[in-house]
Amino acid sequence: MAKKVTMQHIADAAGVSKFAVSRALTGKPGVSEHTREMIVRTAGQLGYFRTEPKRYPVETPMTSAKKLLEKQQGTILILFPNIRSQNRSSLYWGPVFNGISERLNEKGMDILTLTEPSSDRMFSVLNPEAISGVITLGTISTSVLLEIYRLRIPLVMVDHEDPAIYTDTVFTDNMKCMKELVHMLVGKGYRRFQFAGQLPDAASFRERWLGYRVVLEEMQLEGKQQTDLLEQEYDQIRKSITEMKLEDIPEVIVCANDHTAVIVLEALQSRGIQVPERCAITGFDNTRTDEPILATVNINKENLGTRAVDQLLWRIKHLDKPYERKLIHSELIVRDEYNANIS
């Protein structure tokens with residue numbers, strides 16, 4: 001039988017004091033936000049939050065039915081991250097939110113939209129009893145997710161997962177779709193590749209990177225990746241492209257999303273490098289349809305939101321079922337008019 005994870009175990013693994021662990025896990029002041037996030041993540045990775053034998057309490061059929069009715073009449077909280085590019089007006093998250101709101105309107109349920117607060121005490125101003133469930137869009141801090149988890153509010157995360165939290169998630173099938181895209185490129189004759197994207201930024205980006213790497217290894221096209229193209233800051237990716245030696249510029253740059261593809265495109269064009277004739281570019285998510293991007297993956301963003309609602313409503317009715325990770329396939333789009341002449 002596995003030993004219970006203690007605060008001392010967490011302190012040893014995180015390289016901090018037991019006092020700091022205690023303050024971080026109880027939400028008390030005395031540690032920085034950075035340290036709190038690091039401690040909570042370490043605790044999750046060690047299995048600290050798995051020590052509860054059951055996430056939801058066992059209830060009689062009568063009390064379960066009563067609470068289910070109350071939940072269905074409550075409000076669904078849609079939580080956006082406190083990140084400027086991830087909001088209702090964005091080319092990606094806006095349609096996802098539209099899919100969520102349309103489905104909830106169909107079901108006659110109320111919606112509350114909130115940007116992730118700077119404090120992890122979100123429910124000091126919200127009544128958790130009035131919240132039937134929560135859908136998060138993108139990267140939400142561990143401390144906020146942990147508060148939702150501790151309050152036992154049904155939760156579905158879209159395009160994000162956290163090792164400290166056990167809950168339902170909805171993703172595009174990023175790895176499979178990226179493998180299809182890279183196989184297509186190899187079939188067209190491309191042999192020299194680079195990948196560009198903010199790998200620390202999102203789980204979806206990491207999955208796309210893995211799909212890309214798997215195909216290169218399978219096809220024995222292993223190339224040396226320029227690590228500065230994987231930086232979290234777009235300015236660094238742009239700088240890397242503008243400073244790259246001409247002989248190091250590949251035949252194609254596979255980007256984590258269309259936004260990154262446009263940044264790479266502009267950096268190449270600023271050097272007078274023809275796109276796609278000298279270097280082709282691919283994206284992922286189909287948000288920039290007017291740019292010379294050779295290929296992308298058309299994520300049905302509204303459907304992503306709709307399926308998140310469906311999963312949440314199912315979860316509200318099946319609190320004791322195992323958590324699920326939904327993968328939704330997306331269509332590969334190849335724009336023939338942008339095809340390069342490959343010798």
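This is a predicted model: local features need pLDDT of at least 70, side-chain atom pairs count only at pLDDT 80 or more; totals for chains, interfaces and linings use all residues.
Reader: Which residue is the bridge partner of threonine 172 in β10?

Author: Strands β5 and β10 run parallel and are joined by 4 bridges. Phenylalanine 171 stands opposite leucine 327 in β10. For threonine 172, the bridge partner in β10 is isoleucine 328.

Reader: What is the order of the strands in the open sheet of 6 strands?

Author: The edge strands are β2 (110-115) and β10, each pairing on one side only, so they stand at the two ends of the order. Between β4 and β5 there are 3 bridges, and these two strands run parallel. Within that pair, valine 158 has valine 170 of β5 as its bridge partner. With parallel pairing, the order of the open sheet is β2-β1-β3-β4-β5-β10.

Reader: By how many degrees are neighbouring strands of this sheet turned against each other on average?

Author: The value ignores the direction of the strands. For neighbouring strands of this sheet, the average turn is 20 degrees.

Reader: Which strands does helix α6 touch where it packs on the sheet?

Author: Helix α6 covers residues 142-150 and packs on the sheet. Its direction makes about 155 degrees with that of β4. The strands touched by α6 are β1 (75-80), β3 (131-137) and β4.

Reader: Is aspartate 162 buried or exposed?

Author: Aspartate 162 is placed in the loop between β4 (155-158) and β5 (168-172). Its relative accessible area is 4%. Because that value is under the 20% cut-off, aspartate 162 counts as buried.

Reader: Which side chain makes a polar contact with the side chain of aspartate 162?

Author: Leaving aside neighbours within four places in sequence, aspartate 162 is in contact with Arg41, Thr142, Leu145 and Met157. A polar atom of the aspartate 162 side chain also lies 2.8 Å from the backbone nitrogen of alanine 164. The side-chain partner, at 2.6 Å, is threonine 142.

Reader: How far apart are the end C-alpha atoms of helix α8?

Author: Helix α8 has 16 residues, 203-218. At 1.5 Å a residue, α8 should span 22 Å. The computed distance agrees with that expectation: the end C-alpha atoms are 23 Å apart.

Reader: What covers the buried residues of α8?

Author: Among the buried residues of α8 are Phe205, Trp209, Tyr212 and Leu216. Just after the helix, glutamine 220 takes a positive phi of about 55 degrees. The cover over the buried residues of α8 includes β5, α7 (174-187), β6 (193-196), β7 (252-255) and β10 (325-328).

Reader: Which residues have the most contacts inside the largest nonpolar core?

Author: In soluble globular proteins, nonpolar side chains tend to be buried together. Here the largest nonpolar core has 50 residues, and its largest share, 7 residues, comes from α7. Leucine 137 touches residues including Ile78, Phe80, Trp93, Phe97 and Val158. Those with the most contacts inside this core are Ile135, Leu137 and Phe193.

Reader: What share of the 343 residues in the protein chain is buried?

Author: The protein chain has 11 helices and 11 strands. Residues 24 or more positions apart account for 69% of its contacts with a separation of 6 or more. The buried share of the 343 residues is 50%.

Conventions:
Residues are numbered from 1 along each chain as its sequence is written. Side-chain values use heavy atoms; hydrogens and water are left out. Buried means under 20% relative accessible area, exposed over 50%, partly exposed in between (1.4 Å probe, protein chains only). A polar contact is a pair of N or O atoms within 3.5 Å; within protein, one must be able to donate a hydrogen and the other to accept it, and residues adjacent in sequence count only if both atoms are side-chain atoms. Contact means heavy atoms within 4.5 Å. The expected span of a helix is 1.5 Å times one less than its number of residues. A nonpolar core is a set of buried Ala, Val, Leu, Ile, Met, Phe, Trp, Tyr and Cys residues joined through side-chain atoms within 4.5 Å. Axes are lines fitted to C-alpha atoms, for helices over the stretch in contact, and angles run from 0 to 180 degrees between N-to-C directions.
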